[in-house]
Each structure stands twice: as C-alpha cells, then as structure tokens.
Amino acid sequence: MPRVFSGIKPTGPVQLGNLLGALRRWVDDQHTADSLYCVVDLHALTVPQDPDILRRTSEELARLLLAVGIDPDVATLFVQSHVPEHAELSWVMECTAAFGELRRMTQFKDKSDGADFVSGGLFTYPALMAADILLYDTDRVPVGDDQRQHLELARDLALRFNARYGDTFVVPEASIPTVAARVMDLQHPDRKMSKSEDSPQGTILVLEPIDDAVRKVRRAVTDNDGEVRYDPEHKPGVSNLLAILGACTDTDPATLAERYEQYGPLKADTAEAVAATLAPIQKRYAELAADPGHTAALLRQGAEKARAMAEPKMALVRQRLGLLARG
Ligand code: TRP
C-alpha cells in the first residue's frame, strides 16, 4: 500500500471548506493507503500563540479528525510535537535547503509582507514540513494547491540529500485534487472560505450550531439574473452553492444545476445538505468531548506508532550525516 502523509495546523476553528476540500479525502484515503495524519502544532508556533488556546485547539482538532471519521485503528493519527524526530529532521532539512530556495517561497512572502514580527520559523517552515513528510517514506501527500511549492521543495530536498549522502528518503508526490471542492466565502464568493475571523457570516464552522449554519447558507450572496447555472467565473455565488451541495451529496455541480430553476430551492437544499453533513460529525464530537482521556490515549498510541517509524529513519539520517554514534 502506498504511504500517505498529511498535516493540519491547529490554528482557529475548522470550517466547511477544510472539511469538504481536505478532511473527507483523508477519510477516504485511509482505506486505500497506509495513512498518517498529523496535527502540526510546531508549525503553529511560527506566529506567536497563546499557550492555553494552542493546547485547547490542538486537542479539539484531534477530536474533530476522529469525529469526521479518521479511524485510529486504520490510520496513524498523532500530534507533531509528540514525535521529537520531526524537529530534529527539520534542522537537517534547514541545512539541506538553500537560503535562496526558502526565500522564493510565495507563502513566506505573502505572510511576512507587512507583518510586524516575522519569526525565523516562518522562514524555515517548509523545512519542517519536508521533515514531516520525509520521516515516514511518504509516497503521496494530499494537500491543497497552496502547498504545491512546499511539496516541490520537499522533493528537491529529498533528492539532494540522497545524492549527497546515499539513498535515504523516498521522493514524495503531491496529490492535489483536480476537481477540488473549492468552497468559497458565502458573502464574498470571489475568495476562499477561510478560518479567519474576518467574515463570520460567510464562513461555516464545522462545530457551529446547525441553525446558524443553515441561516448562513440561506443568506448567501447570489446575483440578480435569476438563472441557476454552474459558472464559477460569472456566477460565483450560485456556483459556490452548487459546489457545496455537490460536495455534500457527492454529485457533480453542473449536473445539479439542471435540477433548479430558482435560487430559493437551491439554497434550501444546500442548507439541508450542509445540516445533514455536519449533524453526525457534531454528535460524534460531543461523545468524544465527554471523555477527554479517551482522545488523549488514542493520540498516545498514534504517537507510538509514528515513532516506531520515525526513530529508525532518524538513526539512519544521523549515520549518513556522520553524526557520532552514542557509545
Ligand atoms: N503546511 C501545511 C498547510 O498549511 C500543513 C502541513 C504541515 C502539512 N506539514 C505537512 C501538509 C506535511 C502536508 C504534509 O496546509
């Protein structure tokens, strides 16, 4: 079975776009691949975090991953900082990457531009991400389009290390969905739904009260021409509703468009589909939240499984590099 690795940062609440775009693929992948899924708390530290909030967000995210259907008996679900080899290999990757290579990363440019504090970690972020992936002989990395450049770098670093020190790492492939469920902001359908707090009415949170989510869908921005058609460029609002309904019901949005004459019924059906998608996740989440020790124990087991792979790989890396063996 191919090995799959992906990570998600514990910053802010998970929204519908993350669920339909990424997390549902993770759930599907676990049955056809040997999958590792990681709550990347060290990546969250690239910007200052409140410790209590980070702790809570990490725990909630892990619980949510379980609630959406990641099965800890099938996949390996763990927290990045529980496996110290990530940080260790990250240093090696920083020393394998060229300064100029890291400086070309567009995400760094976007995030550092205009920020009043730019940490060194924000700059070396892709080296840690490469370490995450390379530690586990990962074949395939399901990520969004925004991570394409980071994945390319991970491949380059694997190839460079292998060329310098001998075959050590599997060179990973990015797996970027071609027909991604691109979920846009319900109030500003020209931009992606994001977990940031700047558009509360345009963002559906996976754990928000179902009534609120339904209301947001019903009040989604459309347009004035009154025709239901899947055309993201000219009709972003209507197309977004079709994309959401399509993702929730596993149906092609253009096919769905043919079933509607008016916006009202489209909104009603989309709201209902969103509610039907979120309700079982919220129920399962509440059950898990009632027993925090259970999630903690599952994460401990996940970290043990991950460490059993990471430790021998890191030992090989130290040997390849010429780091003196412990006597
Ligand atoms: N950088 C990724 C993001 O922002 C998260 C991430 C960290 C990741 N490490 C990873 C994704 C390893 C895939 C594989 O979405």
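Student: Which elements each supply at least two residues of the shell around the ligand?
Tutor: Strand 1 (3–8) and helix 7 (120–134) each contribute at least two residues to that shell. Please keep in mind that this is a predicted model.

Student: Where does the largest share of the shell come from?
Tutor: The largest share comes from helix 7, which provides four residues of the shell around the ligand.

Student: How many residues are around the ligand, and which come nearest?
Tutor: There are 13 residues around the ligand, and those that come nearest are Gly7, Tyr125, Met129, Asp132 and Gln147.

Student: And how do the shell residues divide into nonpolar, polar and charged?
Tutor: Seven residues of the shell are nonpolar, four are polar and two are charged.

Student: What about tyrosine 125, how far is its polar side-chain atom from a nitrogen atom of the ligand?
Tutor: The distance between a polar side-chain atom of tyrosine 125 and a nitrogen atom of the ligand is 2.7 Å.

Student: And what is the distance for aspartate 132?
Tutor: An N or O atom in the side chain of aspartate 132 lies 2.7 Å from a nitrogen atom of the ligand.

Student: Then how far is glutamine 147?
Tutor: In the case of glutamine 147, a polar side-chain atom is 3.0 Å from a nitrogen atom of the ligand.

Student: How much of the ligand's accessible area does the protein cover?
Tutor: On its own, the ligand has 360 Å² of accessible area, and the protein covers 89% of this.

Student: Changing topic: at what angle do helix 1 and helix 10 pack?
Tutor: Helix 1 (residues 16–29) packs with helix 10 (residues 236–249) at an angle of about 45°, and their axes are 11 Å apart. Helix 1 is therefore oblique to helix 10.

Student: Is that crossing left-handed or right-handed?
Tutor: The crossing of helix 1 and helix 10 is left-handed.

Student: What angle and axis distance apply to helix 10 and helix 12?
Tutor: Helix 10 and helix 12 (residues 263–289) have their axes 9 Å apart and pack at an angle of about 40°. Helix 10 is therefore oblique to helix 12.

Student: And which handedness is found where helix 10 passes helix 12?
Tutor: Helix 10 passes helix 12 in a crossing that is left-handed.

Key: Residues numbered from 1 in each chain as written. Predicted model: local features only at pLDDT ≥ 70, side-chain atom pairs only at ≥ 80, totals over all residues. Heavy atoms only, no water. Near = heavy atom within 4 Å. Polar contact = N/O pair within 3.5 Å; in protein donor to acceptor, adjacent residues only side chain to side chain. Areas by Shrake-Rupley, 256 points an atom, 1.4 Å probe, with all protein chains shown as cover. Nonpolar A, V, L, I, M, F, W, Y, C, P; charged D, E, K, R; others polar. Axes fitted to C-alpha atoms, helices over the stretch in contact; angles between N-to-C directions. Parallel < 35°, antiparallel > 145°, perpendicular 65-115°, else oblique. Left-handed = near helix turned anticlockwise from the far one by under 90°.
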